[in-house]
Amino acid sequence: MHVSAFELVLLALVALAGGAVQGSIGFGQNLVLVPVVALVVPEAVPGALVALGIPLTVIMAVREWHGVDWRGLGWIVLGRVPGTVVGVQIIAFVSGDLLSTLAGSAVLAGVLLSLLAGHVPVNRETATSAGATAGVLGTTAAIDGPPLALLYQRHPGHTIRATLACAFLIGAVMSFVALVSAGQVHGWQLLLAVALAPALLIGLALSTFVTRLIGERSLRPVVLTVVAIAGAAAVARGLL
């Protein structure tokens, strides 16, 4: 792998934190991981992170299967297909720094619109649009959580976690296949994902305690805060 032992330990600790965050509020793994991975080993983004997300989302989807919003999920997946195709094309022509800046700006705009617009219903138009946006951001920058989290921000915790887990799983597989087809995934990236998977799963296990404390209380303030921080970090990373 293209990392030293110290860097691997650092990335494992960050992966543990990412697993704990995603297991608690339904998203956040890559919001925690991407900035650090992009700093330590930028060549790993997005291939290694897309692969790393697959086992986590499988476990989360199975754990809270009863909370899935199947209708909304269907429209999200429908939008994700063209979004993923567009994302692969963007990677070929746009620099990583510009991608980060654009992705972060889009996330911050989403937070602002959410605050100004109030309640946004989950329907064919909104879910398909969120899915398409997630497809683009997930494939180009491995941060597909914000659009979907904003869409479900007013729903109960178990619905957010379960629906987003299923959407992330399907999206991760689609993005991974697209990246492989475009020659953007390499063996060492997969090895890095395997090395970080145990720490990520430990973080997921720890999130069970946080989930019990949260219960069915609104996650909207937490969702908006995490999304805003992620957007700002992505913009800063692209500009610096």
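Modeller: Here it is, a predicted model. Start at glutamine 153: its side chain reaches the backbone oxygen of leucine 150 at 2.8 Å.

Colleague: Where is glutamine 153 found?

Modeller: In the loop between helix H7 (145-151) and helix H8 (157-181).

Colleague: Is glutamine 153 buried or exposed?

Modeller: Buried. Its relative accessibility is 3%, and the cut-off for buried is under 20%.

Colleague: What does glutamine 153 touch, not counting residues up to four places away in sequence?

Modeller: Ser114, Ile160, Leu219, Arg220, Val223 and Leu224. Arg220, Val223 and Leu224 are in H10, and they are buried.

Colleague: Which other residues are buried in H10?

Modeller: Val227, Ala230, Gly231, Ala234, Val235 and Gly238. Seen down the axis of H10, the buried residues fall within an arc of 130°, so they line one face of the helix. On the other side, Pro221 and Ile229 are exposed.

Colleague: New topic. Which residues touch the most other members in the largest nonpolar core?

Modeller: Phe27 and Leu192, out of 56 residues. Helix H9 (residues 187-214) gives the largest share of this core, eight residues. A second, separate core has five residues, among them Val50 and Ala172.

Colleague: Last one. Which element has the lowest mean pLDDT?

Modeller: Helix H5 (residues 96-117), at 76. Helix H1 (residues 5-25) has the highest, 91. The protein averages 85, and 96% of the residues score at least 70.

Key. Residues are numbered from 1 along each chain as its sequence is written. This is a predicted model: local features need pLDDT of at least 70, side-chain atom pairs count only at pLDDT 80 or more; totals for chains, interfaces and linings use all residues. Side-chain values use heavy atoms; hydrogens and water are left out. pLDDT is the predictor's confidence in each residue, from 0 to 100. Helices (H or I, at least four residues) and strands (E, at least two) are DSSP runs, numbered from the N terminus. Buried means under 20% relative accessible area, exposed over 50%, partly exposed in between (1.4 Å probe, protein chains only). The arc is that of the directions from the helix axis to the C-beta atoms. A nonpolar core is a set of buried Ala, Val, Leu, Ile, Met, Phe, Trp, Tyr and Cys residues joined through side-chain atoms within 4.5 Å. A polar contact is a pair of N or O atoms within 3.5 Å; within protein, one must be able to donate a hydrogen and the other to accept it, and residues adjacent in sequence count only if both atoms are side-chain atoms. Contact means heavy atoms within 4.5 Å.
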